[in-house]
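This report sets out the architecture of the model shown below, going from its domains to its chains, its core and its individual helices.

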Amino acid sequence: MKRSFTATIIMFAASLALSVSMACAETIKIGAILAISGPASFLGAPEARTLEMLAEELNAKGGVGGNKIELVIKDSGGNPEKAISFAKQLIEEDKVFAIIGPSTSGETMKIKKICEDGKTILMSCAAAEQIVNPVAKYVFKTPQKDSQVVHAIFENMKANKITKIAVLASNTGFGQAGKGQIEKQAPEAGIQVVAAEVYDSKATDLSAIVAKLAADKEIQAVINWSIEPAQAIVLKNARQAGWKVPIYQSHGFGNIKYVEAAGAAAEGVIFPAGRLLIADKLADKNPQKAVLVKYTKDYETKFKEEVSTFGGHAYDAFKILCRGIELAGANREKVRDAIENIKGFVGTAGIFNFSPADHNGLGFDSVTMLTVKGGNFVEYKK
Amino acid sequence: MTRHLPLSLLILAVIAVQLLTRWTETAYYLTPLTMTAYYSLVIVGLCLLMGYAGQISLGHAGFFGIGGYLSAMLTTKDLMAFKENALIALCDKLGLLVHGQDMLGVSSLQMQPWAACICAILVTIAVAYAIGIPVLKLKGHYLAMATLGFGIIVYRLALASPLFGEADGISGVPGFPLLPGLAVSGDFSSRISNYYLAWGMLAFVMWLLGNLIHSRVGRALRAIHGAEAATNAMGIDTARYKLNTFVLSAVLASIAGIFLTHYNGGIGPSEAGIMKSVRYVAIVAIGGMANLWGALVMGALLNIMSLRGMFGTYDDAVFGAILIIIMLFAPQGLLGISLSATVKRIFRRGE
Amino acid sequence: MTLELFSQYLLAGITYGIIYAIVGIGFNIIYNTTGIINFAQGEFVMLGGMTAISLHQWLPLPLAIGAAVILVMLIGALVEILFIRWLDRPSVLRMIIITIGISILIREAALHVWGEGVRSLPYFVGNEITTVQVLGARVSPQVLWVIGVCAVMVLGLSLFFKYTLQGKKMQACASNRMAATLCGISTRNMVTLSFMLSAGIGALAGCVMSPITYTQYDIGTGLAIKGFTVAILGGLGSSMAAVAAGLLLGIIESFSVSVVPLAFQDAISISLLLAILFFRPHGLFGNKDAAGLKEF
């Protein structure tokens, strides 16, 4: 009698414990739509790798708030219609808690409304201003704003007394947004855009257009705005044509592979970027150093390739999202509100200070001017 | 009687699938299914052109792009700046324009979806005639390359023009209100009505094309496919038949583009690219060149699998492999036997 | 326009023009022996570059290039044997679709083997910033290599077809297949040889141009389109005409930058293709009647 009573108590306690632990051990599904293959694979592939690495690391530590993370990654190939299809699938079928990505601005704009209507948090890794302006309650982005990057370039040009420039932009959304910002900010910075040309993102030779621009002796500097390998072609063609003007690039140059592709022609290129690329050269007291060095080491050990700022955007998206979940639990509205109130978050792109009106959170100081010396990224010093 | 069997089966299947999704609470399947219906519209039009009229087209995604981009551009481009222009003012008087507000609350002026749709179709017809006349004089490789060239030009123009959103395409395309209460849009609430609308359109087109094929026109087309010189000698104006078929298939592709753009709320250059055109050709080939129903079934299957990401990063490779395998081993397509012939055989056995 | 700018445009035009011409010649060789237009031609160029880059990790540059060319020739032969050889008088449509399928498969295979990254062979002479002065323009010495190697290939091919036994056998096949078979020429082997030859010249072109541009898994399609534009522009079947047409196209594209926005540069070659197809399908140098007799 006594034994069966004890047994019942034990079984009851066990099942209670089991059900409680099961209630706690819910997995949080996080979706990701990334351009792993296709023309934007330079962005999507490192982003996907970063997410997998981070999710694995987090789950090994027990997840966030006791909940493990389940990543559902979809390859959109850079195609907007696939992005739309996957967004709907992730929201309705997989019922994901949030979506990280897409990699390109074009895809993000197509699913912005879907995520907003579906009340699913979207942490975009794309750069366009329109993603967060006008602000949609559930939509955030982690890369720096084009306007700030352009501003940094112009500050540098003013210091170097450059007043007449040419702009070469690739025909992607990123290129066009940058070109738009450059043309918009140039007058107030006292800089005149003498020539502006758009090249195909798949271009293999730009020597003709370089020749045309080089013939115009008035041009003192060139801004080359693109995220594709074609930006390296501009560098090679320019130097081979004997054109010696300073060349500025966008923050889309943030992958050492572009430097390798351009070889000696990349020497002296000036561009603004987050501090991820010079992590080990930062002063120890720099608040970002620890985070950057750890990410660089982990990524390079695991994947045997160098970090890029693109992977960094995915890193920031994942970490900020998890911070939100840590603060507010697995409730969408609460997490969204929590993210909006995050201040001083140290990410790879900079230090994030969100607010209800600012769903990007990065300021002018998130970028610093870098240059290429001896095939490596170093900080630009006059 | 047996001629209408496939159509009845289609309608039954469409209804059955929708009820099934309701019963199993998997209503989200309706979205790729709806998109598939629109892609199938392009495919059956292409099947008519390639299988029955015997003209290859490697650039049909171009017509899809023309329809989609024009309707997207016209319904999103803010005409406020041109308010004083005579043509715009006339359109306004005729009720063709919509007065709305953009996201920042400033008033804006766009074209009505109906007006945009009609414009897009008219432009498609014009372009199809303009391109068709010289292109259809070519044969074999030259014809293939000319159509490929056409597709690439549309793609390049879409990619190069700020008017068409360049690499990012156009987003924020509004819904297309067809009748009070029925609008083509991607809203979750109108999902079921959109599903029936899409498949209803497809069923209607299948009925139309079925009638066409079994009429004098259809026989003329098959004669042209078989032996053009002989057909010409018999007094049939082959050039005119080929041209009209080309234009019809172009219009079908364009309509698909228009509706899918409103459904998705946007369009991108990849929809007009070579890979899409190749995909359409692959599906027509696998379904059996001159088999409308085969093309439809295969198209539905493959598109659904692709849209749901079942092929992962091997998406394009799958279609390439299909092309080769079918062309090497089954040039008449997987469903080389037409459905109605099979049904006829079954019925005949019963007699 | 100064002389310097003119020379710069001219040289850029000739460089790319001759690459398009090589791809066009590749089309012509296969077309002449088989009547097939090989849509996978561009992939041979891509494979040549990619394979050489991979082999360069273990072999010195000239050996890597040589080995790459031989490997790609073998791949060309393999493609022919696996997909083309045993087809019995296939229709044009079928062949077009098959070669498109082959090009897609090769491209996707390259994506999964080499990844999405861009690579380049090292410059044969100097590096990314060395320049030499030619006719008042400054170009990389690699440009001279491209023009030189391709010119030698064209010369070599014309000598091959005119004076060697194999070359003459291939020409016989092109003229009249039935008669060639009756003469004891193994047409099947000639077809394989033509594929190998096309693949080989494509691969070599891919290797020489790799340093000045870059090699990526999907550069094949664009090159193929330019290549057959050139082949048709010159008149399908004639390699000399392809060279002239290639140079012409390259120069037009290059000079177009001075009048038309760069964004439309690619549309120019396509427009040219369409114009030729609509108004003069037998090409600038082709003969209308001869083209009509060919079984396409």
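In this predicted model, the centres of domain 1 and domain 2 of chain A, taken over C-alpha atoms, lie 29 Å apart. The domain assignment gives domain 1 two segments, 26-144 and 289-363, and gives domain 2 the segment 146-273. The contact between these domains takes 14 residues from domain 1 of chain A and 14 residues from domain 2 of chain A. On the side of domain 1 that touches domain 2, at least two residues come from each of helix 2 (41-60), helix 4 (105-117) and helix 11 (309-328) of chain A. By class, that side of domain 1 of chain A divides into six nonpolar, six polar and two charged residues.

| Property of chain B | Value |
|---|---|
| Secondary structure of chain B | 14 helices and six strands |
| Span of the C-alpha trace of chain B along its principal axes | about 70 × 55 × 40 Å |
| Buried residues in chain B | 49% of the 351 residues |
| Contacts in chain B joining residues at least 24 apart, among those between residues at least 6 apart in sequence | 79% |

The radius of gyration of chain B is 21 Å, which agrees with the value near 20 Å that a compact globule of 351 residues would have.

The largest nonpolar core has 329 residues, and those with the most contacts inside it are A:Ala87, B:Ile43, B:Val44, B:Ala256 and B:Val284. Helix 1 (residues 3-34) of chain C provides the largest share of this core, 17 residues. Domain 1 (26-144 + 289-363) and domain 2 (146-273) of chain A each contribute at least three residues to this core. In general terms, nonpolar side chains tend to be buried together in soluble globular proteins. Which residues does B:Ile43 contact, leaving aside its neighbours within four places in sequence? The partners of B:Ile43 are B:Tyr280, B:Ile283, B:Val284, B:Ala295, B:Leu296 and B:Gly299.

The contact between chain C and chain B takes 29 residues from chain C and 30 residues from chain B. Helix 4 (92-114), helix 9 (219-234) and helix 11 (265-279) of chain C are the elements that give two or more residues to the side of chain C that touches chain B. Helix 4 of chain C gives the largest share of that side, 12 residues. The side of chain C that touches chain B comprises 24 nonpolar, two polar and three charged residues.

Helix 4 of chain C can also be examined on its own. Because 17 of its 23 residues are buried, helix 4 of chain C is largely enclosed by the rest of the structure. Just after helix 4 of chain C, C:Gly115 takes a positive phi of about 80°.

Another position in chain C, C:Pro62, belongs to helix 3 (residues 61-84) of chain C. Is C:Pro62 buried or exposed? C:Pro62 counts as exposed because it has 9 C-beta neighbours inside 10 Å, where the cut-off for an exposed residue is 12 or fewer. C:Pro62 and C:Glu108 are 46 residues apart in sequence, and their C-alpha atoms are 28 Å apart in space.

How values were computed. Residues are numbered from 1 along each chain as its sequence is written. Chains are lettered from A and ligands numbered from 1 in the order in which they are written. A nonpolar core is a set of buried Ala, Val, Leu, Ile, Met, Phe, Trp, Tyr and Cys residues joined through C-beta atoms within 7 Å. A residue is buried if 20 or more other C-beta atoms lie within 10 Å of its own, exposed if 12 or fewer, and partly exposed in between; C-beta atoms are placed from the backbone. Helices (H or I, at least four residues) and strands (E, at least two) are DSSP runs, numbered from the N terminus. Domain bounds come from an automatic or database domain assignment. Two residues are in contact if their C-beta atoms, placed from the backbone, lie within 7 Å. The radius of gyration is taken over C-alpha atoms; the globule rule is 2.2 Å times the number of residues to the power 0.38. Ala, Val, Leu, Ile, Met, Phe, Trp, Tyr, Cys and Pro count as nonpolar, Asp, Glu, Lys and Arg as charged, and the others, Gly among them, as polar.
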